[in-house]
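Please have the sequence and the 3D view open as you go.

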Amino acid sequence: MKTNISFIVLTFNEEKHIERCIKSLKKVSDNIFIVDSFSKDNTVEIVNDLGVNLYQNKWVNYSEQFNWAMNNCRINSEWVMRIDADEYLSDELCNELINTLPNLFPPINGLTLNYRHYFWGRWIKHGTRYPLTLLRIWRRGYGIIEKKWMDERIILTEGEIYMLKNDFIHDDLNNLSYFTEKHNSYATREAIDLLNKKYKFLDENPAHTIENKSKRHFNLWVKDTLYAKPFFVWIRSFIYFFYRYICRLGFLDGKEGL
């Protein structure tokens, strides 16, 4: 038994992850849309072999690519979920989606769930990594993605949010060099957003939604209004490390947590 939801997955060189991701999604729905930015590995071949919808579009940033997917993929399901290629659904979450979605009616238009992060095979439970609650599922027509280069969120335009009980899982199988390179690119994207707040050279849609009242919104406010201030440049990374690794017990996750 499956349910009325579509999954959107953006890919680029995800041959290590995409089969695992798609197989977990197929437990819930056959409405799976892969939007690939012209991978150079075997991602496209794997997707075609698994028989799901494949589109290709040139990459600009996550927000642009996701909005392209929403406008160009033939999505006609009641619900939509954003999920990355290196993520997958736990079996418990698959069952919960199948049993819960048919029984949710307006004004419930968005669903949040907990993000479970594995690093080098270890579940990272401390240092603010868990529970981390994200809005990843929304009723079609009621969710948009922020026009940002980094830390873009799905924001709900109308209605109420329901919290699911089970987790989706992030488990990147690449090595530490890849992890470092990826986070260097995150830093570049963060810089673009910070410069845009000052010089306004890019559009950014307002985030005046219910989700903004959440703890996550408070964390973003701290980052944008305090952490980004120039006088914190030389000490902010040390303060942040001390807070997450010591105050929030990140050291309990061993070398993977470090």
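Arginine 139 counts as buried, because its relative accessibility is 6% (buried means under 20% relative accessible area, exposed over 50% and partly exposed in between, with a 1.4 Å probe and protein chains only). This is a predicted model, in which local features need pLDDT of at least 70 and side-chain atom pairs count only at pLDDT 80 or more, while totals for chains, interfaces and linings use all residues. Residues are numbered from 1 along each chain as its sequence is written, and side-chain values use heavy atoms, with hydrogens and water left out.

**Salt bridges**

- Arginine 139 pairs with glutamate 78 in a salt bridge, with 2.3 Å between the closest N and O atoms (a salt bridge is a side-chain nitrogen of Lys or Arg within 4 Å of a carboxyl oxygen of Asp or Glu).
- This pair links distant parts of the chain, 61 residues apart: arginine 139 is in strand S8 (residues 132-139), and glutamate 78 is in the loop between helix H3 (62-72) and strand S4 (79-82).
- Glutamate 78 is partly exposed, at 32% relative accessible area.
- Glutamate 152 and arginine 189 form another salt bridge, their closest N and O atoms being 3.8 Å apart.
- Glutamate 152 sits in the loop between strand S9 (143-145) and strand S10 (154-156) and arginine 189 in helix H5 (residues 176-199), so this pair ties together parts that are 37 residues apart in sequence.
- Glutamate 152 is buried at 8% relative accessible area, and arginine 189 also counts as buried, at 18%.
- A network of salt bridges links Arg82, Glu152 and Arg189.
- Lysine 2 meets aspartate 30 through a side-chain salt bridge of 2.7 Å, N to O.
- Lysine 2 lies in the segment before strand S1 (5-11) and aspartate 30 in the loop between helix H1 (18-25) and strand S2 (31-36), so the pair ties together parts 28 residues apart in sequence.
- Lysine 2 counts as partly exposed, with 41% relative accessibility.
- Across the whole structure, a search finds 13 salt bridges.

**Backbone details worth a look**

- Proline 106 and proline 107 are joined by a cis peptide bond, with omega about 15°; proline 107 is in the loop between helix H4 (91-100) and strand S6 (108-119).
- Tyrosine 130 and proline 131 are also joined by a cis peptide bond, with omega about -5°; proline 131 lies in the loop between strand S7 (122-123) and S8.
- Phenylalanine 38 is not a glycine, yet has a positive phi of about 60°; its place is the loop between S2 and helix H2 (43-50), and it is partly exposed at 45% relative accessible area.
- Aspartate 151, not a glycine either, has a positive phi of about 60° and is found in the loop between S9 and S10.

**Overall picture**

- The protein has 8 helices and 11 strands (DSSP runs numbered from the N terminus, with helices being H or I of at least four residues and strands E of at least two).
- Its C-alpha trace spans about 55 × 40 × 35 Å along the principal axes.
- Buried residues account for 45% of the 258 residues.
- Of the contacts between residues at least 6 apart in sequence, 72% join residues at least 24 apart (contact means heavy atoms within 4.5 Å).
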